[in-house]
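Morning, everyone. I'll take a few minutes on helix packing and the ligand shell. Please have a look at the structure first.

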Amino acid sequence: MPRGAMSTMVMTGGTSGFGAIAAGRLRRSAENRLLLGARRVQEPGGSLPLDLAELESVRAFAGAVRGELAGAPIDALILNAGLVRADANRRTVDGYETTFAVNHLAHYLLLRLLLPELATGATVVLTTSGTHDPATGAGLTPPRHADAALLAYPDRDPGLDTRPRKAGEHAYTASKLCTVLTARALMEQESLRDKAVTVIAYCPGQVFGTGLAQDLPFYMRAVWSVMGAPVLSRPVRRLNRTLNTRVDAGNTLADLASGVVRPPAGRIYAALRGGQLTWSDPSEAARGVEAARTLWRDSAELAGLPA
Ligand SMILES: NC(=O)c1ccc[n+]([C@@H]2O[C@H](COP(=O)([O-])OP(=O)(O)OC[C@H]3O[C@@H](n4cnc5c(N)ncnc54)[C@H](OP(=O)(O)O)[C@@H]3O)[C@@H](O)[C@H]2O)c1
């Protein structure tokens, strides 16, 4: 984008948590125009309706974005929305397990629908989680696979730990493995070859005090909220190097999306650790070239798209 020109950004998950901090920061720059997808549209012009739990809503949002763009390209696409649930029992209107459907499939569909609108030199940031990697020792059930059909219908997964909490954790960590694999598959897309698009899978580390725990049991919500108190952020951060404040996680997301921070050559996984951005490798499963291609193809089928 030429210096001084307006930069158009499209974002999910900018209404609460560290995403709201990122959105606020991006909006404060007069050079940015931010189109936010939101479940609750507050001010006209501020955001466009989007419920990631309905593929039809994703299609309508992509159409509304295209209308707003009026032919202008997208300079940054920020796919940050996500949720975690206490089980894997809920299904979306499309019949898919909710965590997988919202965190992965809806974002995959949005990405596919908006690919043609990406500018040359655009940036795509997909928010993942270090919990996709057993090596981070986050304590959540690690992903056993990124098989879209089994994640969409966990009842058909022969290896599923059916204890509700374990199944819910698996749905979350596997959806975030899908996010890294989607970033990898995106880089291979023929249609992007000449556009020099920067793709980043962003792990914000552990960020307490956001809305992410809202579907978890009361005691977990309480711990999440107390640990997120600003007065605790410094001592709590010393306990664990994956911890970050909401402000650090939000500002870093904004810096990645706006190109203030660029990945070193060949790196796509940006992990914020103790306030410092690192460019380490994601998990071994997240580096699987064939797994990324298969997920891309299978997700297309579930989302009703050609592969
Ligand atoms: N906090 C952490 O420790 C942590 C760690 C690793 C990764 N992450 C990831 O970081 C991202 C942001 O999380 P957060 O901690 O900031 O949580 P958060 O405060 O709950 O933010 C989640 C965002 O996603 C939106 N969202 C959820 N379901 C949606 C739906 N069906 N349709 C449209 N938007 C929806 C929420 O909208 P509403 O405002 O309408 O709820 C909100 O803007 C998520 O992808 C999460 O998985 C978080």
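A quick definition to start. Two packed helices are described by the angle between their axes and the distance between the axes. Each axis is a line fitted to C-alpha atoms, for helices over the stretch in contact. And keep in mind that this model is predicted.

First pair. Helix α1, residues 17–28, packs on helix α8, residues 246–258, at about 50°. Their axes are 7 Å apart. Angles under 35 degrees count as roughly parallel, and 65 to 115 as roughly perpendicular. So α1 and α8 are oblique to each other. The crossing is right-handed. On the α1 side, the contact uses G17, F18, G19, I21, A22, R25 and L26. From α8 come residues including R246, V247, N251 and L253. By class, this contact has 9 nonpolar, 5 polar and 2 charged residues.

Second pair. Helix α2, residues 55–69, and helix α3, residues 98–114, have axes that come within 10 Å. They cross at roughly 30°. That makes α2 and α3 roughly parallel to each other. Again, the crossing of α2 and α3 is right-handed. L55, V58, R59, A62 and V65 of α2 meet A106, L109, L110, L113 and L114 of α3. That contact holds 9 nonpolar residues, no polar ones and 1 charged.

Now the ligand. Which residues come nearest to the ligand? Of the 26 around it, they are G17, A81, G82, T210 and G211. Helix α1 gives the largest share of the shell, 3 residues. By class, the shell has 13 polar, 10 nonpolar and 3 charged residues.

Definitions and conventions: Residues are numbered from 1 along each chain as its sequence is written. This is a predicted model: local features need pLDDT of at least 70, side-chain atom pairs count only at pLDDT 80 or more; totals for chains, interfaces and linings use all residues. Axes are lines fitted to C-alpha atoms, for helices over the stretch in contact, and angles run from 0 to 180 degrees between N-to-C directions. Helices (H or I, at least four residues) and strands (E, at least two) are DSSP runs, numbered from the N terminus. Angles under 35 degrees count as roughly parallel, over 145 as roughly antiparallel, 65 to 115 as roughly perpendicular and the rest as oblique. A crossing is left-handed if the near helix is turned anticlockwise from the far one by less than a right angle, and right-handed if clockwise. Two residues are in contact if their C-beta atoms, placed from the backbone, lie within 7 Å. Ala, Val, Leu, Ile, Met, Phe, Trp, Tyr, Cys and Pro count as nonpolar, Asp, Glu, Lys and Arg as charged, and the others, Gly among them, as polar. A residue is near a molecule or strand if its C-beta atom, placed from the backbone, lies within 6 Å of it.
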